[in-house]
Amino acid sequence: MTATALYGNFFYSIYDYREYLKESVFRDLRKKYKRSSLGYLWSMLNPLLMMIILTVVFSSIMKGRVENYAVFLFCALLPWTYFNGTVKSCIGTIRQNAKIIDQLPIPKYIFSVSSSFYNFVDLFLAFIPLLLVMWFTGHPIHSSIFLFPLMLIPLFFFSMGLGLLLAVSNVFFEDTAHLTDVLLRAMYFLCPILYARDMLPPWLVKYVVLNPMFGIIEGIRELLYFGTLPNLETYLLNLSGSVVVLGLGLYAFNKADDKFVYFI
Amino acid sequence: MTASPANAVNTSDAPQFDGSNDVAPAPEQYAVELENVTVAYRSYKERPTTLKETVIGAVKHRKFRYYETFNALSGVSLKIPKGQVFGIIGSNGAGKSTLLKVMAGVLPPTAGSVKVHGRIDSLIQLGAGFDAELNAIENIYLSGALHKKPRAEIKKRIPEILEFAELEEFATTPIKYYSSGMFARLGFAVAADRNPDVLLVDEVLGVGDERFRKKCEKVFERFLASGNTIVIVSHALGNLSNMADQIGLLSRGEFAFVGDPMGAIEKYRAEDYKTRLTQNN
């Protein structure tokens, strides 16, 4: 199957199963907030509290190096939380939906797409406290903020791609989730979330930039925090990197598709 | 043990079959056509389930392949005419469920071709798409959406589904609090409402009390009356011989017999008896 066909099928399936995606995203949201009195507020409070804790700890360390550390941090936490959540919830999707897969011929990545959309709602909700923090701390809100959706495309593709790869792996290897935990923790510290690129030793930068998330997070921070437009070349590099990763995920899914039935 | 196709019914194999099927129907009048379907199943023995074990196995014992293939189905050809009830019987491991999965399209055959004319739906596991945390109504929406039905369309069907399942009072109770009978009723009601052209059934008639079972049978009758097809796997031989137009006897992945229900059941009993004798020895 060619890359175009892989992508074509993928996007067509999303369209074809839009009803299911809608229902299952709302189901997950309903389930998440059903028994909590604060409901959807949690999606806003969660990143906010995380930011407050990290700011309390790191702002004194970063003193003089970063102005308004809270916003600096929050801008990077936003894409990271989405990425982390999507990857983690994608891993188990095949096994969780084994009963459906066992009797309904359905494109199996639909369940991972659903997780990704669900985390997207969280990202959207978390954007509100970011704006509040910016306004509260007197940080300038640049008009470049309108380009934010554009920056989300590589984030979406990359998270989805890695999530799909790990979901496939999890069907065959049950320790995938444990390995992913380690991988994600390492990535958290190797991405410019708590710090900026220029605080790293140059020899290290050479390697960490190979991780597409590095560029994606950096781009989003530059846009929201500094108000600088993304360099077109960097953006395209990020985009193509994420397109390749999603392609790999789709390829792995396609390749393993016939075998899932034997393992679940 | 020969793999005889379903249309053998219309030839000398089963001359006693009733007149309406004397002439072989035109190809497009078949609901399901299988041609030479082979499914090489992988049976895993002591498969490493983690990456760690796999790496250790590969490095230490130079072991990469953990499965043996065996043919769950070998060269099965079958034509099921539209509007018929086709029963499948056979002892455990004969390939009945594999055959249903192949028809349902969830298990691609290793060789051969599968053609299904019309929409196919399976009652292999009732309530497969259900979420235990949600209530009946939410689950009806969810499983409808799984079959690409828009919300507005499902909404119209909800009263009828709940009435059939006799769950109007419990419509807003999360289904994790349901009894297994209630769960099965909801599952059946949701599936029956989809009204597919071909329905695959795997021993689900054993659910619910006598009254509900009668209701299910009525649904099947109505379903058949509108020219739809049912493929049913069952161990309830008496029930099956009443319902089915034809029965296929599967034995080790091949059809040992396809034709009139009584003949199939006789043959099954004889064979079953033989296996039991050999097992005892």
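At what angle do the axes of helix α3 and helix α4 of chain A cross? That is the topic of the opening view in this set of legends, which all describe a predicted model.

**View 1. Helices α3 and α4 of chain A cross at roughly 135 degrees.** Here you see α3(A), residues 41-61, beside α4(A), residues 69-91, with axes that come within 9 Å. Angles from 65 to 115 degrees count as roughly perpendicular and those over 145 as roughly antiparallel, and the two helices are therefore called oblique to each other. The crossing of α3(A) past α4(A) is right-handed. To find the contact, look on α3(A) for A:Pro47, A:Met50, A:Met51, A:Leu54, A:Thr55, A:Phe58 and A:Ser59. Their counterparts on α4(A) are A:Tyr69, A:Ala70, A:Leu73, A:Phe74, A:Leu77, A:Leu78 and A:Thr81. Sorted by class, the contact holds eleven nonpolar residues, three polar ones and no charged ones.

**View 2. Helices α8 and α11 of chain A cross at roughly 165 degrees.** This view turns to α8(A), residues 148-172, and α11(A), residues 212-226, whose axes come within 10 Å. Angles over 145 degrees count as roughly antiparallel, which is why α8(A) is described as roughly antiparallel to α11(A). The crossing of this pair is left-handed. From α8(A), the contact takes in A:Phe148, A:Met151, A:Pro154, A:Leu155 and A:Phe158. From α11(A) come A:Pro212, A:Met213, A:Ile216, A:Gly219, A:Ile220, A:Leu223 and A:Leu224. Eleven of these contact residues are nonpolar, one is polar and none is charged.

**View 3. Chain A touches chain B.** Let us move to where the two chains meet: 24 residues of chain A are in contact with 28 residues of chain B. On the chain A side, the elements that give two or more residues are α2 (18-33), α6 (98-101), α9 (176-190) and α12 (232-263). Which of them gives the largest share? It is α2(A), with seven residues. The chain A side is made up of ten nonpolar, three polar and eleven charged residues.

**View 4. Three strands of chain B form an open sheet.** Follow the strands in the order β2-β1-β4 and you will find antiparallel pairing. The edge strands, β2 (67-81) and β4 (111-116), each pair on one side only. Ignoring direction, neighbouring strands are turned by 25 degrees against each other on average. Strand β1 of chain B, residues 30-44, is joined to β4(B) by five bridges. To pick out one place where they pair, look for B:Val32, whose bridge partner in β4(B) is B:Val116.

**View 5. Strands β8 and β9 of chain B form a hairpin.** Strand β8, residues 246-251, runs antiparallel to β9(B), and five bridges join the two. B:Gly248 has B:Val258 of β9(B) as its bridge partner. Two residues lie between the strands of the hairpin, where B:Arg252 takes a positive phi near 50 degrees. Is β9(B) largely enclosed by the rest of the structure, or left open? It is largely enclosed, because five of its six residues, in the stretch 254-259, are buried.

**View 6. Helix α2 of chain B is largely enclosed by the rest of the structure.** Eight of the nine residues in this helix, which spans residues 96-104, are buried. The buried residues are B:Lys96, B:Thr98, B:Leu99, B:Leu100, B:Lys101, B:Val102, B:Met103 and B:Ala104. Just past the end of α2(B) sits B:Gly105, with a positive phi of about 85 degrees.

**View 7. Two loop residues of chain B, B:Lys148 and B:Glu166, have positive phi values.** B:Lys148 is found in the loop between α3 (136-146) and α4 (151-165) of chain B. Although B:Lys148 is not a glycine, its phi is about 65 degrees. With 13 other C-beta atoms within 10 Å, B:Lys148 is partly exposed. B:Glu166 lies in the loop between α4 and α5 (180-194) of chain B. Its phi is near 55 degrees, again a positive value in a residue other than glycine. B:Glu166 counts as partly exposed, with 17 C-beta neighbours inside 10 Å.

Conventions
Residues are numbered from 1 along each chain as its sequence is written. Chains are lettered from A and ligands numbered from 1 in the order in which they are written. This is a predicted model: local features need pLDDT of at least 70, side-chain atom pairs count only at pLDDT 80 or more; totals for chains, interfaces and linings use all residues. Two residues are in contact if their C-beta atoms, placed from the backbone, lie within 7 Å. Helices (H or I, at least four residues) and strands (E, at least two) are DSSP runs, numbered from the N terminus. Ala, Val, Leu, Ile, Met, Phe, Trp, Tyr, Cys and Pro count as nonpolar, Asp, Glu, Lys and Arg as charged, and the others, Gly among them, as polar. A residue is buried if 20 or more other C-beta atoms lie within 10 Å of its own, exposed if 12 or fewer, and partly exposed in between; C-beta atoms are placed from the backbone. Axes are lines fitted to C-alpha atoms, for helices over the stretch in contact, and angles run from 0 to 180 degrees between N-to-C directions. Angles under 35 degrees count as roughly parallel, over 145 as roughly antiparallel, 65 to 115 as roughly perpendicular and the rest as oblique. A crossing is left-handed if the near helix is turned anticlockwise from the far one by less than a right angle, and right-handed if clockwise. Two strands pair if DSSP finds at least two bridges between them.
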